[in-house]
Amino acid sequence: MISPKLPRIWYGADYNPDQWPEEVWQEDVRLMRLAGVNIATLPVFSWVALQPYEDTYTFEWLDRILDLLHANGVSACLATSTAAQPAWMSAKYPDVLPVDYEGRKRKHGIRQNYCPNSPNFRRLSRALVQKMAERYARHPGLVIWHVSNEYGPMCYCEECAKAFRTWLQARYGSLDELNRRWYTAFWSHGYTDWSQIETPTSTGDTSTPSHVLDYKRFQSDSVLDCYRNEVQVLRAVTPGVPITTNLMGAYKDLDYFKWAAEMDVVSWDSYPGLQTPAWDTAMRHDLMRGLKGGKPIMLMEQTPDQVNWQGINPLKPAGVMRLQSWQAVAHGADAVMFFQWRRGRGGYEKFHGAFVAHTGDEYTRTFRECAALGAELAATGDAIIGSTVPARVGILFDWECWWAVEYGSGPTRELRYVQQAERWYCVLHGMNVAVEFAHPQGDLSKFDVVIVPSLYMVKPGTAEALEAVAERGGAVIGSLWTGIVDGTDLAFLTGYPGPLRRLFGVWNEEIDPMEPGAEQRVCFAAPAPAGACIGTQTCSVAVERLHPEGSEVLASYTEGWHAGEPAVTRNAYGQGEAVYVGTDLDDEARRMVLNPILSARGIAAPLDVPAGVEVMQRVKGDRTFTFVLNNKSAAVSVSLPRAYTDLLTGAALSGDVDLPAYGVLALE
Ligand code: GLA
Ligand code: ZN
């Protein structure tokens, strides 16, 4: 569990008491109790309220509200408040303000608007956190630290340029090595002095892919250093108190695998739109859960009803918030938390959803739905927390590869890294097969099937780890634009897919992209008589010209000058197999690739349910919890193969069970 001090599913929201007079606080805690809230995240954006001048700290108000919350059974997810620096700081220390990609110095304002390498920002944020940690180290309400908020500032200033050069020196040792790795012989980009290396702004050098890639790595590390800067203080002053920071799912700028290694629990903010399919949100949960190898996560933020930052901000229809909350739990969350507790009276987010509307009472649809969910989560006691999702299918995901694919140039810009993972995920989600994401250099030993979508960049250890999966009887499925460059974006000279050529038993000679919207046809060969197709499927994005090297051809193209060439190959390897897909298959074709691989390994949905119904399991010791989520706006009927208890109602269920629109079952 996240903390033995609160052995429950955590339920609460971001809380901004400093936006309100203290009389309102009494009403807040009354309403929190009504809603079943057991945790509040605060103070997320209160730096100036805690330190109005450099030498003045004003923690008294925070003391009072933390005591009041604790007295009312509400624990604190204590935020360090460093995501938006006070105006006095930006004015007094200009190094705090960042320079953007266009090379422009930013003015004070918004939030996450600081240079991650600013010495004054590092010094002053650390000082605030030191004071806060010392003051609340023994506060009985403190259950977790919430460092900053949604990290992500990028900067291109002179301070960053200096730090970048130091980072490069540590990485490459010598300029000769840097020049070799960056391939600077191209266009006469060789460097003869470290000081010549600049930040790659839009007006600077964006033509050297390795330079741009290293800057992404460096900025991700720089922001991580800001997090570490606070974490060091927290670990020293409050050892044993878990630490997190709220991540943002498939957020491009930060290498979250690296971050997660320094977090005790992964938490993230989920803001699906009304049109976002259920698989999309599910995938982000599974990505976040994979960051720490499957440990339970926290849903740190979601909106109870609507957001304020889109052009149009529709309400979640009644029942959808509950459904999405249980979806998070089903995918491994031990906390269901929201932005925000109470709508502010003013400011940019005054129309953002909250438990408490501007009427300030409990008589709204949203409050009632939130209170009902609070009661339902409470009814599960400590049953679910700490349980894990037993996923046997892994999908590899690597932020560095994402950057390398999309910041370089190549055969096509239509190939999007995350989308390639999504294409596999959404088919597996439709089959109700549990998936977990993993880093290509992480532990793959628990997976029986590993999917390798567009792993353009293959770093040391990955080929061997994937070979080991196949050797012990597992299956590896690689697809389009895999095995092209090494970790510094230098092409493999041994034929694509480089170090994976032996595993897949295939040589990918060249890559022929298609226009957006264009399709090719692929035929999956029937076993006999040869020549017949088991249906004809389509593919898009690109055709890779594959040459089997010991592998068999499962599917071929049927049209144009690629007719007859292999689209999908299968290589027997060790006790297992490796399938390579040299194009972007349609969903049906993907199912044809996946089905035999999954069924050979007994990987199947935990329950047979109608389409549009999601099923996920979590296990703890000998207990198995089966979540059934109706993602459709219409009622369905689900037939249960045996008797269960629904943890949400205590009802005994068996046989055909009606599930209303957006309905949820938590079966044991
Ligand atoms: C993010 C932030 C919150 C709030 C919400 C609004 O997730 O972390 O502070 O701004 O967005 O949706
Ligand atoms: Zn900077």
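Before the first selection, one convention: two strands pair if DSSP finds at least two bridges between them. Helices (H or I, at least four residues) and strands (E, at least two) are DSSP runs, numbered from the N terminus. This is a predicted model, where local features need pLDDT of at least 70, side-chain atom pairs count only at pLDDT 80 or more, and totals for chains, interfaces and linings use all residues. Residues are numbered from 1 along each chain as its sequence is written, chains are lettered from A and ligands numbered from 1 in the order in which they are written, and side-chain values use heavy atoms, with hydrogens and water left out.

**Stop 1: the nine-stranded sheet**

Switch to cartoon and trace S5-S4-S3-S2-S1-S9-S8-S7-S6: that is the order of an open sheet of nine strands with parallel pairing. Strand S5 (243-244) and strand S6 (246-247) stand at the edges with a single partner strand each, so one side of each has no neighbour in the sheet. Zoom in on S5: two bridges join S4 to S5, running parallel, and His-146 stands opposite Thr-244 there.

Now select residues 320-330. That's helix H11, which packs on the sheet and touches strand S8 (297-301) and strand S9 (333-338); contact here means heavy atoms within 4.5 Å. The direction of H11 makes about 150 degrees with that of S9. Such angles run from 0 to 180 degrees between N-to-C directions, with axes fitted to C-alpha atoms, for helices over the stretch in contact.

**Stop 2: the zinc ion**

Select ligand 2. Which residues hold the zinc ion as protein donors? They are Cys-115, Cys-155, Cys-157 and Cys-160, each through SG, lying 2.2 to 2.3 Å from the ion. Donors are N, O and S atoms within 2.8 Å of the metal (3.2 Å for Na, K and Ca); water is not among the atoms, so sites may look incomplete. The site of the zinc ion is tetrahedral, with angles of 102 to 119 degrees among its four donor atoms (four donors count as tetrahedral if all angles lie between 85 and 135 degrees). Along the chain the donors follow the spacing C-x39-C-x1-C-x2-C. Cys-115 sits in the loop between helix H4 (87-92) and helix H5 (119-136), and Cys-157 in the loop between strand S4 (142-146) and helix H6 (158-172), so this pair ties together parts 42 residues apart in sequence. Are Cys-115 and Cys-157 buried or exposed? Both are buried, meaning under 20% relative accessible area with a 1.4 Å probe, protein chains only.

**Stop 3: strand S10**

Jump to residues 393-396. Both faces of S10 are covered: Val-393 and Ile-395 on one side, Gly-394 and Leu-396 on the other, are all buried. Four bridges join S10 to strand S11 (residues 435-438), in parallel, and Ile-395 has Phe-437 as its bridge partner in S11. Three bridges join S10 to strand S12 (residues 449-453), also running parallel, where Ile-395 stands opposite Ile-451.

**Stop 4: aromatic rings**

Show the Phe, Tyr and Trp side chains; rings pair if their centres lie within 6.5 Å, using the six-membered ring of Trp, and planes over 60 degrees apart count as edge-to-face. The structure holds 34 aromatic pairs. One of them, Phe-338 with Phe-355, is edge-to-face at 5.1 Å centre to centre and 85 degrees between the planes. Phe-338 and Phe-355 are both buried. Finally, highlight the cluster linked by ring pairs: Tyr-251, Tyr-256, Phe-257, Phe-397, Trp-399, Trp-402, Tyr-417, Tyr-425 and Phe-437.

Note on methods: Four donors count as tetrahedral if all angles lie between 85 and 135 degrees; four count as square planar and six as octahedral if opposite donors are over 155 degrees apart and all others between 65 and 115; anything else is irregular. Buried means under 20% relative accessible area, exposed over 50%, partly exposed in between (1.4 Å probe, protein chains only). Rings of Phe, Tyr and Trp (its six-membered ring) pair if their centres lie within 6.5 Å; planes under 30 degrees apart count as stacked, over 60 as edge-to-face and the rest as tilted.
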